[in-house]
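Start with the model below.

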Amino acid sequence: MFDNEFRKSYPFLTQYFESILTSENKTLSHCILFYGQNIEVQYKLAVEIARILNCKGNKSIDCDCFSCRWIRENKHPSVVTVSPIDFKEDSSKTVISVKQIQNIKASLVNTSEYYRVFIICDAKIVNDEWKPYGLNFDNFKAEASNALLKTIEETPQNTVFFFLTRDKTDVLATISSRAQGFFVPNYERKSESISEVVNLFENYPNLSSQNLFDYSQKFVDQLKVDENIFEKCLSYFNQMLKANLDNNVLKTKIIKDMFYIEKAKKMFDKGINPQTISEELYLSIMGK
Ligand SMILES: [Zn+2]
(Lines give C-alpha, C1' and ligand atoms only; values in the text may rest on other atoms or scores of the structure.)
Protein backbone atom coordinates (compact mmCIF):
# COMPACT_ATOMS: atom_id res chain seq x y z
CA MET A 1 0.00 0.00 0.00
CA PHE A 2 1.02 3.65 -0.02
CA ASP A 3 4.15 4.80 1.80
CA ASN A 4 3.83 6.59 5.12
CA GLU A 5 4.93 9.99 3.90
CA PHE A 6 2.25 9.84 1.23
CA ARG A 7 -0.37 8.71 3.71
CA LYS A 8 0.45 11.59 6.04
CA SER A 9 0.24 14.22 3.31
CA TYR A 10 -2.76 12.74 1.52
CA PRO A 11 -4.82 10.93 4.14
CA PHE A 12 -8.05 11.17 2.20
CA LEU A 13 -6.85 10.04 -1.18
CA THR A 14 -4.73 7.21 0.21
CA GLN A 15 -7.49 5.96 2.52
CA TYR A 16 -10.08 6.22 -0.23
CA PHE A 17 -8.03 4.27 -2.77
CA GLU A 18 -6.77 1.73 -0.25
CA SER A 19 -10.31 0.90 0.81
CA ILE A 20 -11.35 0.44 -2.82
CA LEU A 21 -8.26 -1.50 -3.84
CA THR A 22 -8.56 -3.93 -0.95
CA SER A 23 -12.30 -4.55 -1.32
CA GLU A 24 -13.44 -7.86 -2.82
CA ASN A 25 -15.22 -6.41 -5.83
CA LYS A 26 -12.99 -3.49 -6.72
CA THR A 27 -15.30 -0.61 -7.55
CA LEU A 28 -12.55 1.52 -9.00
CA SER A 29 -13.82 3.94 -11.62
CA HIS A 30 -12.65 3.29 -15.20
CA CYS A 31 -11.88 6.92 -15.74
CA ILE A 32 -10.19 9.08 -13.12
CA LEU A 33 -9.26 12.73 -13.45
CA PHE A 34 -6.77 14.23 -11.01
CA TYR A 35 -6.58 17.99 -10.77
CA GLY A 36 -4.31 20.31 -8.81
CA GLN A 37 -1.00 22.14 -9.10
CA ASN A 38 1.31 19.24 -8.36
CA ILE A 39 1.33 16.89 -11.36
CA GLU A 40 4.26 14.85 -10.03
CA VAL A 41 2.22 13.84 -7.01
CA GLN A 42 -0.70 12.93 -9.28
CA TYR A 43 1.62 10.78 -11.36
CA LYS A 44 3.05 9.09 -8.29
CA LEU A 45 -0.46 8.37 -7.02
CA ALA A 46 -1.55 6.88 -10.36
CA VAL A 47 1.56 4.68 -10.59
CA GLU A 48 1.10 3.50 -7.02
CA ILE A 49 -2.53 2.57 -7.72
CA ALA A 50 -1.35 0.72 -10.84
CA ARG A 51 1.22 -1.14 -8.74
CA ILE A 52 -1.32 -2.20 -6.12
CA LEU A 53 -3.78 -3.29 -8.82
CA ASN A 54 -1.16 -5.51 -10.47
CA CYS A 55 0.84 -6.72 -7.47
CA LYS A 56 1.25 -10.50 -7.26
CA GLY A 57 2.64 -10.30 -3.73
CA ASN A 58 1.46 -8.65 -0.52
CA LYS A 59 0.95 -5.17 -2.05
CA SER A 60 3.30 -3.60 0.51
CA ILE A 61 5.39 -0.60 -0.47
CA ASP A 62 8.57 -2.69 -0.63
CA CYS A 63 7.00 -5.69 -2.38
CA ASP A 64 9.53 -7.27 -4.70
CA CYS A 65 7.23 -9.34 -6.92
CA PHE A 66 7.98 -9.20 -10.66
CA SER A 67 4.96 -7.00 -11.29
CA CYS A 68 5.94 -4.36 -8.71
CA ARG A 69 9.51 -4.42 -10.01
CA TRP A 70 8.38 -3.94 -13.60
CA ILE A 71 6.24 -0.99 -12.59
CA ARG A 72 9.07 0.63 -10.62
CA GLU A 73 11.34 0.18 -13.64
CA ASN A 74 8.60 1.51 -15.90
CA LYS A 75 8.50 -1.57 -18.10
CA HIS A 76 5.24 -3.22 -17.13
CA PRO A 77 3.42 -4.19 -20.34
CA SER A 78 0.02 -3.06 -19.09
CA VAL A 79 0.91 0.11 -17.19
CA VAL A 80 1.37 2.68 -19.89
CA THR A 81 2.18 6.38 -19.72
CA VAL A 82 0.69 8.24 -22.66
CA SER A 83 2.37 11.61 -23.14
CA PRO A 84 3.57 13.48 -26.24
CA ILE A 85 7.13 12.22 -25.74
CA ASP A 86 6.37 8.69 -24.56
CA PHE A 87 6.02 7.33 -28.03
CA LYS A 88 8.85 5.47 -29.65
CA GLU A 89 8.35 6.86 -33.13
CA ASP A 90 8.95 10.48 -32.25
CA SER A 91 10.15 11.87 -28.92
CA SER A 92 10.15 15.50 -30.04
CA LYS A 93 6.37 15.76 -30.29
CA THR A 94 4.47 18.28 -28.18
CA VAL A 95 1.00 16.81 -28.60
CA ILE A 96 -0.59 13.46 -27.88
CA SER A 97 -1.36 12.19 -31.36
CA VAL A 98 -4.46 10.46 -32.66
CA LYS A 99 -2.11 7.60 -33.59
CA GLN A 100 -1.27 7.13 -29.92
CA ILE A 101 -4.95 6.94 -29.06
CA GLN A 102 -5.46 4.39 -31.83
CA ASN A 103 -2.62 2.34 -30.35
CA ILE A 104 -4.41 2.33 -27.00
CA LYS A 105 -7.60 1.15 -28.64
CA ALA A 106 -5.77 -1.55 -30.57
CA SER A 107 -4.11 -2.82 -27.40
CA LEU A 108 -7.49 -3.12 -25.69
CA VAL A 109 -8.71 -5.61 -28.27
CA ASN A 110 -6.47 -8.26 -26.72
CA THR A 111 -7.42 -9.64 -23.35
CA SER A 112 -4.90 -9.12 -20.60
CA GLU A 113 -4.09 -11.05 -17.46
CA TYR A 114 -3.08 -7.74 -15.88
CA TYR A 115 -5.04 -4.69 -14.80
CA ARG A 116 -4.48 -2.21 -17.60
CA VAL A 117 -3.61 1.31 -16.55
CA PHE A 118 -3.19 4.26 -18.91
CA ILE A 119 -1.77 7.44 -17.42
CA ILE A 120 -2.44 10.31 -19.80
CA CYS A 121 -0.41 13.46 -19.21
CA ASP A 122 2.06 15.87 -20.72
CA ALA A 123 5.79 15.28 -20.17
CA LYS A 124 9.10 17.00 -20.76
CA ILE A 125 12.74 16.12 -20.28
CA VAL A 126 14.15 18.53 -17.70
CA ASN A 127 17.86 18.19 -16.81
CA ASP A 128 17.91 14.75 -18.42
CA GLU A 129 14.97 13.69 -16.30
CA TRP A 130 11.50 12.75 -17.43
CA LYS A 131 8.92 15.00 -15.73
CA PRO A 132 5.12 14.79 -15.96
CA TYR A 133 3.07 17.90 -16.69
CA GLY A 134 -0.65 18.60 -16.86
CA LEU A 135 -2.82 18.07 -19.90
CA ASN A 136 -4.25 21.10 -21.67
CA PHE A 137 -5.81 21.95 -25.01
CA ASP A 138 -2.37 22.45 -26.61
CA ASN A 139 -0.92 19.04 -25.78
CA PHE A 140 -4.17 17.03 -25.75
CA LYS A 141 -6.18 18.47 -28.60
CA ALA A 142 -9.84 17.92 -29.31
CA GLU A 143 -9.08 15.46 -32.10
CA ALA A 144 -7.15 13.10 -29.83
CA SER A 145 -9.59 13.59 -26.95
CA ASN A 146 -12.55 12.79 -29.16
CA ALA A 147 -10.80 9.71 -30.50
CA LEU A 148 -10.69 8.41 -26.94
CA LEU A 149 -14.28 9.21 -25.93
CA LYS A 150 -15.95 6.00 -26.96
CA THR A 151 -13.20 3.96 -25.29
CA ILE A 152 -13.64 5.61 -21.91
CA GLU A 153 -17.38 5.18 -22.22
CA GLU A 154 -17.10 1.48 -22.89
CA THR A 155 -13.90 0.60 -21.10
CA PRO A 156 -13.16 -3.12 -21.01
CA GLN A 157 -12.96 -4.83 -17.64
CA ASN A 158 -9.86 -4.31 -15.50
CA THR A 159 -8.86 -1.15 -17.28
CA VAL A 160 -8.48 2.35 -15.90
CA PHE A 161 -7.58 5.68 -17.46
CA PHE A 162 -5.95 8.45 -15.44
CA PHE A 163 -5.97 12.02 -16.70
CA LEU A 164 -3.51 14.38 -14.99
CA THR A 165 -4.45 18.07 -15.06
CA ARG A 166 -3.92 21.32 -13.21
CA ASP A 167 -7.61 22.06 -13.58
CA LYS A 168 -10.71 20.07 -14.52
CA THR A 169 -11.36 22.53 -17.33
CA ASP A 170 -8.01 21.74 -18.98
CA VAL A 171 -9.57 18.79 -20.80
CA LEU A 172 -12.71 18.62 -22.92
CA ALA A 173 -15.90 18.66 -20.87
CA THR A 174 -16.87 15.46 -22.64
CA ILE A 175 -13.88 13.81 -20.92
CA SER A 176 -14.12 15.46 -17.49
CA SER A 177 -17.86 14.79 -17.26
CA ARG A 178 -17.23 11.07 -17.77
CA ALA A 179 -14.44 10.95 -15.21
CA GLN A 180 -14.45 10.68 -11.45
CA GLY A 181 -12.60 13.81 -10.37
CA PHE A 182 -10.19 14.03 -7.44
CA PHE A 183 -8.58 17.22 -6.23
CA VAL A 184 -4.95 16.49 -5.33
CA PRO A 185 -3.78 19.27 -3.01
CA ASN A 186 -0.25 20.58 -3.25
CA TYR A 187 1.14 19.74 0.17
CA GLU A 188 4.70 19.11 -0.80
CA ARG A 189 6.22 22.43 0.25
CA LYS A 190 4.32 22.72 3.49
CA SER A 191 4.12 19.04 4.33
CA GLU A 192 5.59 19.64 7.77
CA SER A 193 2.89 22.01 8.96
CA ILE A 194 0.15 19.92 7.39
CA SER A 195 1.40 16.65 8.83
CA GLU A 196 1.16 17.98 12.38
CA VAL A 197 -2.46 18.94 11.73
CA VAL A 198 -3.25 15.61 10.07
CA ASN A 199 -1.98 13.97 13.23
CA LEU A 200 -4.50 15.90 15.34
CA PHE A 201 -7.37 14.35 13.41
CA GLU A 202 -6.04 10.86 12.94
CA ASN A 203 -8.74 8.50 11.60
CA TYR A 204 -11.02 11.41 10.71
CA PRO A 205 -13.99 11.28 10.22
CA ASN A 206 -14.10 8.27 12.57
CA LEU A 207 -12.64 9.77 15.73
CA SER A 208 -13.32 7.45 18.63
CA SER A 209 -14.62 9.10 21.80
CA GLN A 210 -12.56 6.57 23.76
CA ASN A 211 -9.53 8.56 22.66
CA LEU A 212 -11.03 11.94 23.54
CA PHE A 213 -8.35 12.64 26.12
CA ASP A 214 -5.48 11.79 23.75
CA TYR A 215 -6.84 13.91 20.93
CA SER A 216 -7.58 16.77 23.24
CA GLN A 217 -4.14 16.62 24.88
CA LYS A 218 -2.36 16.59 21.51
CA PHE A 219 -4.33 19.65 20.47
CA VAL A 220 -3.52 21.53 23.68
CA ASP A 221 0.19 20.68 23.31
CA GLN A 222 0.14 21.94 19.75
CA LEU A 223 -1.71 25.10 20.71
CA LYS A 224 1.03 25.92 23.25
CA VAL A 225 3.66 26.06 20.51
CA ASP A 226 1.59 27.27 17.58
CA GLU A 227 -1.15 29.87 17.85
CA ASN A 228 -1.90 29.49 14.14
CA ILE A 229 -3.07 25.96 14.64
CA PHE A 230 -6.72 26.92 14.09
CA GLU A 231 -5.94 28.42 10.68
CA LYS A 232 -3.92 25.35 9.76
CA CYS A 233 -6.78 23.08 10.81
CA LEU A 234 -9.20 25.13 8.73
CA SER A 235 -6.96 24.97 5.70
CA TYR A 236 -6.59 21.21 6.13
CA PHE A 237 -10.37 20.80 6.39
CA ASN A 238 -10.79 23.05 3.40
CA GLN A 239 -8.51 20.76 1.38
CA MET A 240 -10.53 17.76 2.51
CA LEU A 241 -13.69 19.56 1.52
CA LYS A 242 -12.40 20.21 -2.00
CA ALA A 243 -11.42 16.57 -2.31
CA ASN A 244 -14.85 15.37 -1.25
CA LEU A 245 -17.34 17.61 -2.97
CA ASP A 246 -18.95 14.56 -4.55
CA ASN A 247 -19.56 12.89 -1.20
CA ASN A 248 -22.57 14.65 0.31
CA VAL A 249 -22.51 13.04 3.74
CA LEU A 250 -18.82 13.71 4.29
CA LYS A 251 -19.05 17.18 2.77
CA THR A 252 -21.77 18.15 5.26
CA LYS A 253 -19.74 16.77 8.15
CA ILE A 254 -16.58 18.63 7.12
CA ILE A 255 -18.47 21.94 6.83
CA LYS A 256 -20.00 21.42 10.26
CA ASP A 257 -16.62 20.59 11.78
CA MET A 258 -15.07 23.69 10.22
CA PHE A 259 -17.71 25.68 12.05
CA TYR A 260 -16.66 24.01 15.33
CA ILE A 261 -13.01 24.88 14.64
CA GLU A 262 -13.95 28.52 14.06
CA LYS A 263 -15.94 28.49 17.27
CA ALA A 264 -12.94 27.07 19.13
CA LYS A 265 -10.75 29.83 17.74
CA LYS A 266 -13.18 32.48 18.99
CA MET A 267 -13.13 30.89 22.44
CA PHE A 268 -9.33 30.92 22.38
CA ASP A 269 -9.29 34.61 21.42
CA LYS A 270 -11.53 35.32 24.41
CA GLY A 271 -8.93 33.71 26.68
CA ILE A 272 -10.88 30.59 27.60
CA ASN A 273 -8.86 27.69 28.98
CA PRO A 274 -7.27 25.63 26.12
CA GLN A 275 -8.19 22.32 27.77
CA THR A 276 -11.86 23.31 27.82
CA ILE A 277 -11.75 24.56 24.24
CA SER A 278 -10.05 21.43 23.01
CA GLU A 279 -12.39 19.00 24.76
CA GLU A 280 -15.44 20.83 23.52
CA LEU A 281 -14.05 20.88 19.99
CA TYR A 282 -13.41 17.14 19.88
CA LEU A 283 -16.72 16.29 21.56
CA SER A 284 -18.49 18.29 18.86
CA ILE A 285 -16.53 16.61 16.06
CA MET A 286 -17.25 13.22 17.60
CA GLY A 287 -20.93 14.16 17.62
CA LYS A 288 -21.29 13.95 21.40
ZN1 LIG B 1 4.09 -6.81 -5.64
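Strand 3 (residues 116-120) is mostly covered, with five of its five residues buried. Buried means under 20% relative accessible area, exposed over 50% and partly exposed in between, with a 1.4 Å probe and protein chains only. Strands (E, at least two residues) and helices (H or I, at least four) are DSSP runs, numbered from the N terminus.

This is a predicted model: local features need pLDDT of at least 70, side-chain atom pairs count only at pLDDT 80 or more, and totals for chains, interfaces and linings use all residues. Residues are numbered from 1 along each chain as its sequence is written, and side-chain values use heavy atoms, leaving out hydrogens and water.

Cover reaches both faces of strand 3. R116, F118 and I120 are buried on one side, V117 and I119 on the other.

Strand 3 also has pairing partners. Two strands pair if DSSP finds at least two bridges between them.

| Partner of strand 3 | Sense | Bridges |
|---|---|---|
| Strand 2 (residues 79-82) | parallel | four bridges |
| Strand 6 (residues 159-165) | parallel | five bridges |

Opposite I120 of strand 3 stands V82. I119 faces F162 in strand 6.

Now to the helix residue. L200 lies in helix 8 (residues 191-200). Is L200 buried or exposed? L200 is buried, at 2% relative accessible area. Contact means heavy atoms within 4.5 Å. Leaving aside neighbours within four places in sequence, L200 contacts Y215, K218, F219, Q222, I229, C233 and Y282. From L200 to T159 is 41 residues in sequence and 37 Å in space, C-alpha to C-alpha.
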